[in-house]
Each structure stands twice: as structure tokens, then as C-alpha cells.
Amino acid sequence: MPVQALKPGYKGEVKDALANFHGNQLVYLHWADHLIMAFPIALPLPPTTPFRALITDIAPNAFAMHPDFEKIDWSTVTWQLDRKPFTPDLDKTLAENGIGHKSALVFTAPGLMGLAGASA
Amino acid sequence: MSVTAPKKLSLKERYRILTRGLDWTTTYQEPAKVFPHAEFEGIKIRDWDGFVDPFRLTMDSYWKYQAEKERKLYAVLDSFQQNNGQTAITDGRYVNVLKIFLTAITPGEYQAHRGFAMLGRQVPNVGLRIAAQMQSLDELRHAQTQIHSCSHYNKYFDGLHSFSYQHDRVWYLSVVKSFFDDARTSGPFEFLIAIGFSFEYVLTNLLFVPFMSGAAYNGDLSTVTFGFSAQSDESRHMTLGLEAIKFVLEQHEDNAAIVQKWIDKWFWRGYRILAILAMMMDYMLPKRIMPWKDAWEIYFNEAGGALFADLARYGIKMPSTADVANKEAFRLSTETMLTFYQMGHASGFHSWLPSEDELKWLADAYGPEWERLYLPRFKYFRELEAKGEHYYNPSLPQLCQVCQIPMFFTEPDDPTKICFRDTVYNGDRYHFCSDGCQHIFENEPEKYVQAWLPVHQVMQGNCGGATIDDVRKYWAVEDGEDNYDYVGSPDETMWKGWQADRLKVGS
């Protein structure tokens, strides 16, 4: 049963429907093994954003505090989209890459294991 | 006409007279129409008369004791205020614990008051209605006395000025608000299991004992007196919760499966709220009482273990997620603290790094795995602070759809990996911090698609604007006063001034 309600067939209002974000979609982004930045972040982005902008514009703002950041070799970085392996086309948009509203992206930079190698 | 009052009524007689107007068999309307909430949750009651109010014989002393407690509490509060008790606490940092208490817990008391008032109308048993009405009054009294206990601090310290307004808006307070909204919008039986049993019986000691011991250890006479005043109510509430769950389980064998589902759900929701308490115990009390993991061991594993052993004869088991809570015990407070530390610019209370002594206390309490994982983070944050570059996270966090806490929790068996869970419902994707929260969603998705997630509300433009300044204004977080690190805050300046004055007087 989708909800235990007094009124049969009760439907909840979907508060975070795509239409409520004024042309943006939500994307969550997380850099694995660098937990000193304590949580995955939420980003409102137009679906037409080129994937490359995540690397060139968004990641530096979000993650550059970490001494590992400048060591990232983006050509070797691996990605996950909603917990499944994923190979983005950097020149295509989020939408063209199949990244839907409220999708979660996690990237791993091989060889970089955070502060003191403790995924920190 | 002459009226003759009986000289002395027995306790039973008095209780009968107190409740006689509240229970009759309706004739104009079907009972099902008078109590429309009684059956939709699927709980089967064979005999409503089977529930007897456990406090029916103590009703008279209830009024007397409550009045006596009020008199004592307000006498202490008066004395505390007249003698500038705020200057006698261990350290100015301590007041940040009260800021969390007043903004997160006190409005929860008020929500519990509303929930029990609903119960006091909706259950078809007069004893249960009366008991729920009494608890509703208690919860209202708790909200009120907490506000009064904290009000004196509000004259001096920042961050205590808008608790009620903030409760409905600020990102971390939505965690508590959504908990009680969820409980109040369920049916009467689920509310009873959620608050009366799971919260009051299983978790409330964890909330009250450490908070009040913390107050006592840190010289806060105002809060500790409130705590004593509330604690005797809590034991009565626990009795009601236990009597109610036993009544429901004894009425029909089909009820056990529903009750177990609620226990699993409300254990997990309550436990998630306690993350902030764990942070408070391990990082915020200037004088510590005990590490979170010890409190969890004593008040949940030992006391809760005995309780669930007692309920085993009804087929009730430990909550299914209790093992996850045990696995998280060594890191819960630290993962929470690290989040609030880097969200200090967006919070209504101060955060700060632990001192060397405090880190040693934590390392002793939590062991080598804790040191390996977390000391590098504290060390790096300290280096940044030394350079004048205190780290504040420039981004907003992804939140769990159910508990609404930022997704900082790690995998139960791997503290180096964020615990991501997600599901797709009606074409939309929803994310969770844990299996516990995912199961709650999947049981009732139509309820949780409505979640008012503060980060998403900001991004929809519903929170005053697009910049952090706009949003802080919407939250009533006074920039440069309520937020950022304790070090360098107006609170710290004031506290140091008081200490300097004291030394001047002494010399």
C-alpha cells in the first residue's frame, strides 16, 4: 500500500518535481575517499549543462580545499551514476548523458586516497 | 432544594466522576463515525474495555505533585536569574547545547502535546483518552518550562531568539519537525507506538539523562531543575507507552506484525535524531559526562535489551536496524560534528574544533580505528584555521528523503564510503542515508514524496533568495552573531569579559 491513509487512494504532492526547479534539474555530486568534505552536494543545473562543466567549473569550487584536488588526473577518473558504473561523454550535456533529475554522480580518482590515506 | 455532598469519595469513585461525562454510547451517530480514526490502521481490538488507565488511582496526587514541581522549578529559576547563574556555567561554549535544545527539542515537546491531544479525542476508550489528555498537558508544560528555563540565557547569548520561527525553516531543524509531523499525521495507534512507546520508552532516557547530567556537570542549574521536573513525567509516560503496546498486542495476534513494522520505523527515525545528541555529548559539553557509545550501550543495548526480552512473548523482536546503530556507535558523533563544523556559516549555533585534551579523550573512548580515520581531518582543519582559513563548505548538502539529514552517514561496514541508497517511485528518484530510511519510504511512498527538504526548497526559490545571505535572513540566523565558529564570536567576547571582570574583583 503506498500510504496508510483515512481516505482511500490518497496521493501526496511530489514536492521536488522537476517542474518546481524553474528549468533546472538537481544533480548530486560526491568525490569518493575524500570525506573531510563531509557530504555529497546538491546542485541545481540546467539539463543543457555540458558534462565537462562539472569538472572545469563546479568541482574546483566544491572540492579545491583538498590537497589532493590538484593531483586529480581527470583522464583516469571513473564515475558512477546512481550507483552503477558510468562513462560520461564530456562534450555532451547532462541530459544527453542520461543524467536525470535527482541523479547522484560519484567520482573516484585512482591513486588518491585522501588525507593520510584514510579516505579523509 | 438541598444538595448533600458525600463526605469523602474513594479514589475509584472520584476517577469515575472525573471521567463519567467522557464516555457514553452514542445513539445519533454510529461509533465508527464518532471515532473515524480507530480502524484504518488495521489494528484489531476485540474488547475496548480491556484497557485500564494505569494512573487511575494516582490522579489526585498527579495534580498535587505537578503543582508542587512547578512551584519548586520557578523558585529555582527566579533564584538563578537574580544571582546571574549564567556566569557560573563551565564555559560560554556550553550555551550552544541549549541553543540546540531550545530550537530542536522544545518545539518537539509542543508537537507531542498536539499529538496526544489528537489521541485524547480519537481513541474509543475513555481510560486511554484521559491518559493521553494528561500526557498532552505534560508535554505542553515541558515546552513551556523549557522556554522559561532558557529565556534567561537569551538575555545574554546569541542564537536563542527565534526558536519557534526557526523550527519550521532551518535546514537541520527540519529533521525534528519531519519526525513529529510524520508521527502526528499517522493514525492514533501508530502515534502511540511512535511517541508513547518507541520514543518515550526506548529512546527518551538517552535524550534526557545525558542532557540533564550534562547540564548538572556544567553548572547549568536552570536546565537541570527543569530536567528533574520533567523526568518524573517521563517515567509516567513510559508506563503508558508500555501498557498501551501490551494492550494492543494482547487484543489480536494479527496486530504484532503491524506493531513490529512501527517499532522498526520509529526506532530508526528516533535514533537518527539522536545523532545531534551524540555530537553534543562528545564535542559540545565543556565538561564531558560519558562518550556517546557508552550511553548507547547502557540506555539502549542494556535497558532496551531487557525490554525486548520482555516483549518476546508477543512475538516482538528488537528493531531490525539496531545492529546498524551499534556499528555506527564509534563514529556517529564525529560524522555529525564534522558536518556541523563545516556548515557553521549556515547554523544558528556555534561549532569549534576539539582541543588536544579533548581529542585524547575521544581517542581513548573510541580507539585506534577512530584515530586512523578522523585525526587526519581534525589535524587538517586545525592547519587551515592556523592560516586563518577556517573551512566552511561552499556547497549545500544532499539530504535523505526520510530523515532529512545530510547524507554524511557511511556504510554500516565501511566507514570510508558514504552510504548511498535510492529508489525510483512514479518516475522520480529518491535518495536515502540508510536501509532503515529506504524501508520507511518504500512502505509509504505517498507520504514521503511530500517531504519539505530544506535544500531543495532553497533551490526552488522558496527561502528568501538565491544567496546564503538571503537564506540566512529567511532562517533568522543573524550573520556574524549566531553563526560561525565559537572562537571569535560575540558570545566568546562576552564570556571572556565576564571572566576578566571576575579576576579583577578577585585581585
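Which residue in β1(B) stands opposite A:Ala42? In this predicted model, the residue opposite A:Ala42 is B:Leu396. Because the model is predicted, local features need pLDDT of at least 70 and side-chain atom pairs count only at pLDDT 80 or more, while totals for chains, interfaces and linings use all residues. Residues are numbered from 1 along each chain as its sequence is written, chains are lettered from A and ligands numbered from 1 in the order in which they are written, and side-chain values use heavy atoms, without hydrogens and water.

Strands are DSSP runs of E with at least two residues, helices are runs of H or I with at least four, and both are numbered from the N terminus. Two strands pair if DSSP finds at least two bridges between them. A:Ile41 has B:Pro397 as its bridge partner in β1(B).

This pairing belongs to an open sheet of six strands. Their order is β4(A)-β3(A)-β5(A)-β1(A)-β2(A)-β1(B), with mixed pairing. β4 (84–86) of chain A and β1 of chain B stand at the edges with a single partner strand each, so one side of each has no neighbour in the sheet. Helix α1(A) packs on the sheet and touches β1, β2, β3 (78–81) and β5 of chain A. The direction of α1(A) makes about 140° with that of β2(A). Such axes are lines fitted to C-alpha atoms, for helices over the stretch in contact, with angles from 0 to 180 degrees between N-to-C directions.

The contact (heavy atoms within 4.5 Å) takes 46 residues from chain A and 56 residues from chain B. Together the chains bury about 4,400 Å², 58% of it on carbon and sulfur atoms. Buried area is the accessible area (1.4 Å probe) that two parts lose on being put together, summed over both. In chain A, the residues that lose the most area to chain B are A:Gln4, A:Phe39 and A:Arg83, together 15% of what that side buries.

Charged pairs also occur at the interface. Four salt bridges link chain A and chain B. The rule asks for a side-chain nitrogen of Lys or Arg within 4 Å of a carboxyl oxygen of Asp or Glu. A:Lys11 forms a salt bridge with B:Glu446, with the closest N and O atoms 3.2 Å apart. Over all chains, the structure holds 42 salt bridges.
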